[in-house]
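Visitor: I would like to learn how to read a few features of a structure, one at a time. Could we go through them with the coordinates open?

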Amino acid sequence: MENKIDHIGWLTDDIESTASSLALLGYVQTPIVNDDTQQCRICFAKKPGEVRIELVEPFEDNKTMQKMLKKQGCGPYHICHEVDNIESAYEEMLDSGFIPLFKPVAAPAFNGRRICYFIKQEIGYIELVES
Amino acid sequence: MERKEVLSRVEEVFRDVLDNEEIVLNEETVPATDVEDYDSLSHVQIVVAIQREFGIKFTAAEIQSWNNVKELIDCILNK
């Protein structure tokens with residue numbers, strides 16, 4: 001499937017604090033968006049010529065991601081790839097043994113473009129976003 | 001491998017992934033409704049942890065076929 005890296009997903013317990021730390025490395029923060037489906041606050045840290053970083057701060061009652069945060073601390077936890085056709089990419093990922101969290105859904109952080117997530121034992125978490 | 005042993009090991013996986021030693025499973029348990037804090041993310045984390053625990057791989061069709069712990073155990077024993 002045709003794809004390119006869209007962003008690196010970065011788990012944080014304090015989005016503003018992580019964004020200001022990334023500012024030291026030349027990254028500029030975008031406005032924060034609340035994603036009620038994923039139960040997270042999200043923004044991007046952008047730097048010309050570099051892959052952007054998606055900062056993900058789970059809501060307090062997002063127990064599963066709060067536990068992930070507690071286990072691994074702040075840091076990268078997924079890579080997102082942009083694909084032309086998310087429906088066929090979703091099926092291709094299933095056929096290759098990737099386990100889906102959910103079927104493609106519209107994401108507010110991407111202006112309504114659809115995303116889906118997968119996990120595979122050999123690689124970890126992969127997100128797809130439609131172009 | 002006996003069903004009782006599989007259930008015990010699966011229960012331990014649930015407790016570890018969900019970080020909750022209070023979880024008790026039986027074959028009738030429906031995780032989505034009966035297990036506290038169970039969601040789509042913890043579901044796939046548990047699937048991966050079970051694969052690792054038993055040294056097996058599930059297909060997407062198998063994962064989608066489980067309605068309760070009994071059906072999960074059946075799938076593990078059929079591997």
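Visitor: In which strand of chain A does H81(A) lie?

Guide: This is a predicted model. H81(A) belongs to strand 6 of chain A, residues 75-83.

Visitor: Is H81(A) buried or exposed?

Guide: Burial is read from relative accessibility, with under 20% counted as buried. H81(A) has 19%, so it counts as buried.

Visitor: Which residues is H81(A) in contact with, leaving aside neighbours within four places in sequence?

Guide: There are N3(A), K4(A), I5(A) and D6(A), and also I126(A), E127(A), L128(A) and V129(A).

Visitor: How does R114(A) count by relative accessibility?

Guide: R114(A), which sits in strand 8 of chain A, has 25% relative accessibility and therefore counts as partly exposed. Beyond neighbours within four places in sequence, its contacts are I86(A), E87(A), P104(A), V105(A), A106(A), L128(A), V129(A) and E130(A). From R114(A) to F102(A) the separation is 12 residues in sequence and 11 Å in space, C-alpha to C-alpha.

Visitor: Why is strand 8 of chain A described as largely enclosed by the rest of the structure?

Guide: The reading rests on a count of buried residues. In strand 8, residues 114-120 of chain A, 5 of the 7 residues are buried, so the strand is largely enclosed by the rest of the structure.

Visitor: Which strand does strand 8 of chain A pair with over 6 bridges?

Guide: For pairing, read the bridges and the sense. Strand 9 of chain A, residues 124-130, is the antiparallel partner over 6 bridges. In that pair, F118(A) is opposite I126(A), and a hairpin of 3 residues connects strand 8 to strand 9. Strand 7 of chain A, residues 99-106, also runs antiparallel to strand 8 and is joined to it by 5 bridges. There A106(A) faces R114(A).

Visitor: How many of the residues of strand 4 of chain A are buried?

Guide: The count for strand 4, residues 40-46 of chain A, is 5 of the 7, so this strand is largely enclosed by the rest of the structure. Strand 3 of chain A, residues 33-35, is antiparallel to strand 4 with 3 bridges, and V33(A) has I42(A) as its bridge partner. The hairpin between strands 3 and 4 has 4 residues between them, with Q39(A) in the turn at a positive phi of about 60 degrees. Strand 5 of chain A, residues 52-58, is joined to strand 4 by 6 bridges and runs antiparallel to it; F44(A) stands opposite E54(A). In the hairpin of strands 4 and 5, 5 residues lie between them, and G49(A) in the turn has a positive phi of about 85 degrees.

Visitor: At what angle do helix 1 and helix 3 of chain B pack?

Guide: Two packed helices are described by an angle and a distance between their axes. Helix 1 (residues 3-18) and helix 3 (residues 40-54) of chain B pack at about 135 degrees, with axes 9 Å apart. That angle makes helix 1 of chain B oblique to helix 3 of chain B. By class, their contact has 10 nonpolar, 2 polar and 2 charged residues.

Visitor: Which helix of chain B does helix 2 of chain A pack with?

Guide: Helix 2 of chain A, residues 63-72, packs with helix 3 of chain B at about 55 degrees, the axes being 8 Å apart. The two helices are therefore oblique to each other. T64(A), M65(A) and M68(A) meet L41(B), S42(B) and Q45(B).

Terms used: Residues numbered from 1 in each chain as written. Chains lettered and ligands numbered in written order. Predicted model: local features only at pLDDT ≥ 70, side-chain atom pairs only at ≥ 80, totals over all residues. Heavy atoms only, no water. Buried < 20%, exposed > 50% of the residue type's maximum accessible area, 1.4 Å probe, protein only. Pairing = 2+ DSSP bridges. Axes fitted to C-alpha atoms, helices over the stretch in contact; angles between N-to-C directions. Parallel < 35°, antiparallel > 145°, perpendicular 65-115°, else oblique. Nonpolar A, V, L, I, M, F, W, Y, C, P; charged D, E, K, R; others polar. Contact = heavy atoms within 4.5 Å.
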